[in-house]
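Please work through the following exercises with the sequence and the structure at hand. Each task is followed by a worked solution.

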Amino acid sequence: MVGTKLLHLKPNSVIPFTNFSFKHSFSSLPKPSILSLLYSTQTQIKTQVFSYGPSLQKGDIPLETPSRTQNQTTLHPEVEEGNNPVFDEQKFTRVFHLAALRVPANDCFALENRLRGHLLNWPRVKNIARVPGDEIDEEMITLFDERKDGEESGEEEDGEFESLVLYREKLVKEFNYRGFVKFKNLARISRPGKRKKKESKGDGERKGNERKELWVVEVLEEKEGEEEMKGLLGEDFKGGRKWKGSTRLLLLDERYGDKGFEELPQAIKAVLVEETRENSSSTIELVRCKLTLFYEYWQMNEILETLLPEGMIIPSAFETVGHIAHLNLKDEHLPYKCVIAKVVLDKNKPKIQTVVNKIDIIQNDYRTMQLEVLAGNHSLVTTVVENGLRFRVDLAKVYWNSRLGTERQRLLSGFNRNDVICDVFSGVGPIAISAAKIVKRVYANDLNPFAVEYLEGNSVLNKLERKIKIFNMDGRRFINAMFSSEKAHSITHVVMNLPNDAAEFLDAFRGVYRDQPRDKEFNFPMIHVYGFSKAQDPEFDFHERIRIALQEVAVNVDMRRLHSTTTAEVPVLDGSD
Ligand SMILES: C[S@@+](CC[C@H](N)C(=O)[O-])C[C@H]1O[C@@H](n2cnc3c(N)ncnc32)[C@H](O)[C@@H]1O
């Protein structure tokens, strides 16, 4: 039993968010309550109890793969060496021995209902299972019945067999370019090509070439009388003495895997007994079977718990941007980064095509991340859908943060069709373009020429280009340009989303309204400023920064604390002065 900590990867920042409008005098500062600001890494001790359900610590490892002890001792060094992501997926194959009821296909749903509570209840495994050859052609059933009748009336064996041979002849005539859909064995006899090659790969090969299967069931017992039919219809044929038509397997709860008939619960016994009593040629029978779970079956954390050293925190969450999974690995994970990335990719295909890790904290002007591609294709250009709009981004060249989607929605909900928005640090346009759908006009600006290129492309992509005017300049210059022009009167909201130092950019507003005539019609815009603070009292700290930047100008301030996590924003404080 392994105790493992789950790490939810989260950014370590708290973003006080402020919006305010100008007024003519200061009043007292709000008294913010002191709240812990430091983000805490959420760790969870996961105690695994393996008494029920599938687990990599249970079941048998098939003979061709190394034993579990061997598996655990060799895996970590192998993984560590040169970050080699190629680990043997077969090491994750586990075989479980179960009991099942083989039932007529037509009755399986009714019996499933009746036996509820006694059937296997494992995630992603259907308790009505199919095995190769369990679907039998109606015509074949008739022949079989004829054969049986003959048996009963003492007919000669040659005659019985003849009808099956005739039936095969009939099938041969039906052969066309698609081969035999129902009887693979006949197809194989007539057309020994590709298929023969594939099937000679050995027992371990999984069926289903396109999509790898998660699990497979095989019946263990060989029934008398099966051989003869097999010879005619191929290896896939299963059925035995009681065979009468198409069948399904109802997998019984794992507790009954090694139980004999007498030890089964009454409900199961009753089904078997009743069926046999009512119908002497009942096809219901108790069989032993093998349920094999493959690498594809196991969840990301189950695989990683096996691959990473015992006790290591398992990276259990990541951010997604379009087709890209964005990890934020801790130092201790770095020796295993490629292995972790491979598992993330395998377990999240096809939505995820690329797995990256952030190399360094964001510290450049354009707020772009330094990313290392660890698995999948190397394209960092992707499309994100937010608010029903599409945004093309190149994570290597522009800023994007999907976690801010909720906050963007909150902001947008305060805009109406009479508004004119000025987005000073617009990036590729998640706020500006979404706002353009609602408001009269948007002025959007960014210093990063690549961001502006994508902003232009995205406004066209969303057919909103006629409502957006785009600028590529420093934020201060942009504010000056906007507020020294006749546009100043029309602007109702200014958005400043540059959390590191947007507050310091507020100095650009000093005196912008000094010479404006103050008629009754005049409204000051609402300025939405985002910022980080590591101070003990971030609201107080942020308020001070705003006052220093604006100096003589009086403002109404509303402050709201955002904890930038994947799930939550935390409104903490509402105050005004
Ligand atoms: C935190 S991002 C926000 C982008 C966008 N609002 C969003 O939510 O995705 C800040 C943006 O400001 C831009 N930026 C940085 N310094 C700037 C400056 N001095 N003037 C204008 N834009 C700047 C960066 O290029 C970046 O795109």
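**Exercise 1.** Determine which residues Val344 touches, not counting residues up to four places away in sequence.

*Solution.* Two residues are in contact if their C-beta atoms, placed from the backbone, lie within 7 Å. By this criterion, Val344 touches Met300, Phe318, Ala325, Leu327, Ile352 and Val355. The model is predicted: local features need pLDDT of at least 70, side-chain atom pairs count only at pLDDT 80 or more, and totals for chains, interfaces and linings use all residues. Residues are numbered from 1 along each chain as its sequence is written.

**Exercise 2.** State how many residues the largest nonpolar core has, and where this core lies.

*Solution.* A nonpolar core is a set of buried Ala, Val, Leu, Ile, Met, Phe, Trp, Tyr and Cys residues joined through C-beta atoms within 7 Å; buried means that 20 or more other C-beta atoms lie within 10 Å of a residue's own, again placed from the backbone. The largest such core has 103 residues, and Val344 and Val355 are among those with the most contacts inside it. Domain 1 (14-38 + 399-563) and domain 2 (94-293) both contribute residues, so the core lies between them. The domain bounds come from an automatic or database domain assignment.

**Exercise 3.** Describe how strands E14 and E15 are joined.

*Solution.* Strands are DSSP runs of E, at least two residues, numbered from the N terminus. E14 (residues 381-386) and E15 (residues 389-394) run antiparallel and are joined by six bridges; pairing requires at least two DSSP bridges. Val384 has Phe391 of E15 as its bridge partner. Two residues separate the strands of this hairpin, in which Asn387 takes a positive phi near 55°.

Terms used. A residue is buried if 20 or more other C-beta atoms lie within 10 Å of its own, exposed if 12 or fewer, and partly exposed in between; C-beta atoms are placed from the backbone. Helices (H or I, at least four residues) and strands (E, at least two) are DSSP runs, numbered from the N terminus.
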